[in-house]
Amino acid sequence: MKTYSVYLGLGSNIGERHAYLNAAAAAIKHIAGVKVIGASSVYESDPVGKTDQPKFLNAVLELETTLPPPALLSQLKAVEQAVGRTMTERWGPREIDIDILLYDGLVHEEAALRVPHSEMEKRKFVLIPLREIAPDVVHPITGLTATEMARACRDTAKVVKTSFSIFL
């Protein structure tokens, strides 16, 4: 069975943010058909969009999967619920958020899922951890690497590496 290389963005800005990131990573490791390969450092970032909320902790996971994008998304949404995500306003505070950033060079568009993530090249809190673990991964639409996207990003939000880690 073919395996696909996938990058996920994780974020949390409510409660025990680091615990939510680690709980999500642990749960992702137990999804059938998924193997977590690596994790970036954890970064603290200013909120983007709705700015009157707490700072986020963000990280990127690299994984291999045999699941097609919709099935992976379904499993990740189940992880968010299991870890404790409650429904909030769009762009609002959240216990955990998991986004599929890149899926093996695939461009996938449907109502519930767009891959590559439609906002990733505009967000330093995604690009900095992605560049850390996959500097040469290529965006399938722009043709830019993670390093090139991070360099070109106009996002002015502060993104700082923390002493926290994702435990794999």
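Analyst: Start with what counts as an element. Helices are DSSP runs of H or I with at least four residues, and strands are runs of E with at least two, numbered from the N terminus. Lining residues have an atom within 4 Å of a pocket point. The largest share of the lining of the largest pocket, five residues, comes from β5. Keep in mind that this is a predicted model.

User: Which other elements supply at least two residues of that lining?

Analyst: Besides β5, they are β1 (4-12), β4 (56-65), α2 (69-83), β7 (113-115) and α3 (124-133).

User: How many residues line the largest pocket, and which are the closest to its centre?

Analyst: The space in the largest pocket is about 960 Å³. Its lining has 39 residues, with Trp91, Arg94, Asp97, Asp99 and His117 the closest to the centre.

User: How do you know whether the radius of gyration agrees with a compact globule?

Analyst: Set the value against the rule. A compact globule of 168 residues would have a radius of gyration near 15 Å. The chain has 15 Å, so the two agree. The C-alpha atoms fill a box of roughly 45 × 35 × 30 Å along the principal axes. As for burial, 47% of the residues count as buried.

User: What share of the contacts joins residues 24 or more positions apart?

Analyst: Among contacts with a separation of 6 or more, that share is 71%.

User: Why is glutamate 64 called partly exposed?

Analyst: Buried means under 20% relative accessible area, and exposed means over 50%. Glutamate 64 has 35%, so it counts as partly exposed. This residue sits in strand β4. Serine 5 is 59 residues away along the chain, yet the two C-alpha atoms are separated by 4.7 Å. Beyond its neighbours within four places in sequence, glutamate 64 contacts Tyr4, Gly33, Val34, Lys35 and Ile37.

User: And what makes alanine 27 buried, partly exposed or exposed?

Analyst: The cut-offs are again 20% and 50%. Alanine 27 has 27% relative accessibility, so the label is partly exposed. Its place is in helix α1 (residues 17-29). Glycine 49 is 22 residues from alanine 27 in sequence, and 28 Å away in space from C-alpha to C-alpha.

User: Which residues of α3 are buried?

Analyst: They are Phe125, Val126, Leu127, Ile128, Pro129 and Leu130. The buried residues of α3 pack against β1, β3 (43-45), β4, β5, α4 (146-152) and β8 (159-161).

User: How do you know whether the peptide bond from valine 115 to proline 116 is cis or trans?

Analyst: Look at omega. For this bond omega is near 0°, and the bond is cis. Most peptide bonds are trans. Proline 116 is found in the loop between β7 and α3.

Conventions
Residues are numbered from 1 along each chain as its sequence is written. This is a predicted model: local features need pLDDT of at least 70, side-chain atom pairs count only at pLDDT 80 or more; totals for chains, interfaces and linings use all residues. Side-chain values use heavy atoms; hydrogens and water are left out. On a 1 Å grid over the protein atoms alone, a cavity is a set of points where a 1.4 Å probe fits but cannot get out, and a pocket is an open set with protein on both sides within 12 Å along at least five of seven lines; lining residues have an atom within 4 Å of a point. Grid points are joined across faces, edges and corners, and a volume is the space filled by probe spheres set on the points. The radius of gyration is taken over C-alpha atoms; the globule rule is 2.2 Å times the number of residues to the power 0.38. Buried means under 20% relative accessible area, exposed over 50%, partly exposed in between (1.4 Å probe, protein chains only). Contact means heavy atoms within 4.5 Å.
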